[in-house]
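The sequence and structure come first, and the comments follow.

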Amino acid sequence: MYYGELKKCDIANGEGVRVSLFVSGCRNRCRDCFQPETWDFCFGQPFTQETAREIYVELEKPYISGLTLLGGDPLEPENQRALLPLLHRVRKSYPQKSIWCFTGYTLKDPQTFTKIHPNCEVTEDFLSCIDILIDGPFIPEEKDISLQFRGSRNQRIIDMDRSRQAGKIVLWDKLRK
């Protein structure tokens with residue numbers, strides 16, 4: 001897996017101060033995407049154990065609220081497979097830190113969370129590690145710069161923990177209306 005950028009002090013891509021990993025690779029190719037260079041699965045630099053260590057060092061800091069995955073698209077099967085060990089380690093080592101994930105794909109089945117496209121053998125496990133999922137493609141006609149943590153009105157901020165408990169999609173309760 002490749003990544004385009006690692007932001008160690010990000011306040012734009014989730015609640016609080018976050019470590020944000022911009023992965024490479026996206027088949028959605030949304031019109032007017034703000035980072036079309038990340039569509040290429042080989043853009044940027046290889047994600048290595050050293051990259052993971054950098055993330056863990058940053059997550060140790062008490063003012064860091066958590067990890068955000070975006071890109072590109074973390075939900076591309078290649079990225080899910082590569083990111084899953086990182087997510088497991090973050091979950092185990094930093095249980096108080098939240099994990100946010102942005103995807104251009106849309107969560108379809110709130111009962112099992114396995115019908116997201118593209119689904120692969122690790123999707124259910126991957127999604128079980130995510131606290132907040134921002135889903136849906138960027139649609140220029142739905143663009144609204146006043147939205148919280150997203151670019152177009154069709155995109156949702158889903159509270160994955162509450163959704164799993166309720167058996168249906170539950171939006172984040174801190175969402176500004």
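**Comments on the predicted model**

1. Asp173 is exposed, because its relative accessibility is 56%. This residue forms a salt bridge with Arg162, with the closest N and O atoms 3.9 Å apart. Arg162 belongs to helix H4 (residues 160–166) and Asp173 to the segment after H4, so the pair ties together parts eleven residues apart in sequence. Arg162 itself is partly exposed, at a relative accessible area of 35%. The coordinates are those of a predicted model.

2. A salt bridge also joins the side chains of Arg81 and Glu121, at 2.7 Å from N to O. Since Arg81 is in helix H2 and Glu121 in the loop between S5 and H3, the pair ties together parts that are 40 residues apart in sequence. Arg81 is partly exposed, with a relative accessible area of 39%, whereas Glu121 counts as exposed at 60% relative accessibility.

3. Glu54 and Lys8 form a salt bridge whose closest N and O atoms are 2.9 Å apart. This pair links distant parts of the chain, with Glu54 in helix H1 and Lys8 in strand S1, 46 residues apart. Both residues are partly exposed: Glu54 has 26% relative accessibility, and Lys8 has a relative accessible area of 34%.

4. Which residues of helix H1 (residues 49–59) are buried? They are Thr51, Ala52, Ile55, Tyr56, Glu58 and Leu59. These residues lie on the same side of H1, because they cover an arc of only 165° around the axis. Gln49 and Val57, on the other side of H1, are exposed. The buried residues of H1 pack against strands S1 (2–10), S2 (17–23), S3 (45–46) and S4 (64–71), and against helix H2 (77–93). At the N-terminal end, Thr48 caps H1, with a side-chain oxygen 3.2 Å from the backbone nitrogen of Glu50.

5. The largest nonpolar core comprises 33 residues, and those with the most contacts inside it are Leu21, Ile55, Leu86 and Phe126. Two or more residues each come from S1, S2, H1, S4, H2, strand S5 (98–102) and helix H3 (123–128). H2 gives the most to this core, with five residues. Apart from this core lies another, of ten residues, including Trp100, Ile132, Ile134 and Trp172.

6. Not counting residues up to four places away in sequence, Leu21 touches several residues, among them Met1, Phe47, Ile55, Leu83 and Leu86.

Note on methods. Residues numbered from 1 in each chain as written. Predicted model: local features only at pLDDT ≥ 70, side-chain atom pairs only at ≥ 80, totals over all residues. Heavy atoms only, no water. Buried < 20%, exposed > 50% of the residue type's maximum accessible area, 1.4 Å probe, protein only. Helix = DSSP H or I, 4+ residues; strand = E, 2+ residues; numbered from the N terminus. Arc of directions from axis to C-beta. Contact = heavy atoms within 4.5 Å. Polar contact = N/O pair within 3.5 Å; in protein donor to acceptor, adjacent residues only side chain to side chain. Core = buried A, V, L, I, M, F, W, Y, C linked by side-chain atoms within 4.5 Å. Salt bridge = Lys/Arg side-chain N within 4 Å of Asp/Glu carboxyl O.
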